[in-house]
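Good morning. I will take you through one protein today, starting with the whole chain and ending with two single residues. Please have a look at it first.

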Amino acid sequence: MPNGYSPASIDSALALAAARQLGLRRPRILTEENAPPLPTLPVRHIGQQAVVAESRRFNVLACGRRWGKTMLGEDRIVGPALDGYPCGWFSPTYKMLSEVWRSLVLLLRPVISRVNVQEHRLELVTGGLIEMWSLDNPDVARGRKYKEIVVDEAAMVHNLQDAWQAVLRPTLIDFEGGAWFLSTPKGMNFFKALYDLGQDPQMTEWASWRLPTRGNPHIPASEVDALRIGSPERTYLQEIEAEFLEFEGAVFRRLAEAATAQVLDKGLERRTYVYGVDWAQSYDFTVITVLDPTTRAMVAMDRFNEIDYPFQSERLKAMFKRFPPALVVAESNAMGRPIIQRLQLEGYPIEPFDTSPASKPVLIQTLALAFERGLLSIINDPVLLAELQAYEAVKMPSGRIAYSAPEGQHDDCVMSLALAWIALGDETPDDGLVVFDDRVSISPF
């Protein structure tokens, strides 16, 4: 069906609506005379069709203005509601959901059995319902269960991470439901973190898209061109091109210029490589990064979340066969130390790095300097780039600068790359580094 309704949902909705209109206890056989009009959504444009075809359980759409995200959100919850399921719509404020509320009331009028304007609740003759909520206070939705939810203008939700993890995600348990996060980007916030999940091939339940305004065929190209000419560059890139822009105070800059390295299947003949290894802890990932000292280019990255000791060491040794190691710098904290010691006994050139409040800033600043000076090229991997873009520098009450991923996000790729970079050991001492001799050492600025 062009609107995405199942035949069963249409038959059920029409039969029950006709029965209600005729005062019957049971539906009767429908004819053209007694059937109410079927709710009709606008036909999806080609970009919306592609998103629906590629969608998974959890979907994140970073859209340019007027791409058509809100219409697609309506499309995604009407079908399950006609099938008899409860669905939820969430917006940053009640004012922002009012237009969608009016649209759904008009669209579903033939099959609405009850309307509660105060609670923004539509009950359908199929038994399905749509409830609409403001995320000013997400706790009001606790206890609900939904087959499908839409979070509109998700990047504008101040407490999106808490709302999703503590309230919205549990509403999907009963029906194994799905979610749609729709928004124009607003910097490197939790909406960007959700978008990154959709770009991570290991997160198989997630999908994400960046959808510029031009993807809507109903928007004249001349209007988009006029906006490009008449708007500040950053405004145009964010609002029309749907780009996630670095904050002015981003830790790592010039990333797009650096993301030009090519992934290699194996090392070049008679060449050795340097490694950085960040070991997994609990829900984190182990990441192995390989750099070519000659070209200062990243040639390989392995990322996995199996934390068994033998598995991790064997995975690293498999990389050694492809890229002979000159030096491996591995984080020694927690579980890393026994793995490092075992590999040293086997004769591998691996050295420990102890991450501490004193050593981590130097590690991160050294990597940031490499990007700023154009000294390093990296592979164009979406997970790696997302971690680098989101990385934060926070000034503590003591005045010390603390570096980390935003709360709830990972920095395993960043740390692995930073360790591989210092394994090169060729920065000058006036940059605050101690050049490698027989052991790994760095000195704070």
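Before I count anything, a word on terms: helices and strands here are DSSP runs, a helix having at least four residues and a strand at least two, and they are numbered from the N terminus. Also keep in mind that this is a predicted model.

With those terms, the protein has 14 helices and 15 strands. How much of it is buried? Of its 445 residues, 52% count as buried. The accessible surface is about 21000 Å², and carbon and sulfur atoms hold 51% of that area. Now the contacts in the protein with a separation of 6 or more: residues 24 or more positions apart account for 68% of them.

In what order do its strands lie? This open sheet has 5 strands, and the order is 11-10-9-12-13, with mixed pairing. At the edges are strand 11, residues 297-304, and strand 13, residues 350-353; each of these pairs on one side only. On average, neighbouring strands of this sheet are turned by 20° against each other, ignoring direction.

Strand 9 covers residues 273-278 and strand 10 covers residues 286-292; the two pair in the antiparallel sense over 5 bridges.

Last, the backbone. Most residues other than glycine have a negative phi.

Where is arginine 66? Arginine 66 lies in the loop between strand 1, residues 58-63, and helix 3, residues 69-82. Its phi is near 65°, a positive value in a residue other than glycine. Is arginine 66 buried or exposed? Exposed means over 50% relative accessible area, and arginine 66 is at 67%, so it counts as exposed.

Because its relative accessible area is 79%, arginine 270 is exposed.

That is the end of my part.

Conventions: Residues numbered from 1 in each chain as written. Predicted model: local features only at pLDDT ≥ 70, side-chain atom pairs only at ≥ 80, totals over all residues. Heavy atoms only, no water. Pairing = 2+ DSSP bridges. Axes fitted to C-alpha atoms, helices over the stretch in contact; angles between N-to-C directions. Buried < 20%, exposed > 50% of the residue type's maximum accessible area, 1.4 Å probe, protein only. Contact = heavy atoms within 4.5 Å. Areas by Shrake-Rupley, 256 points an atom, 1.4 Å probe, with all protein chains shown as cover.
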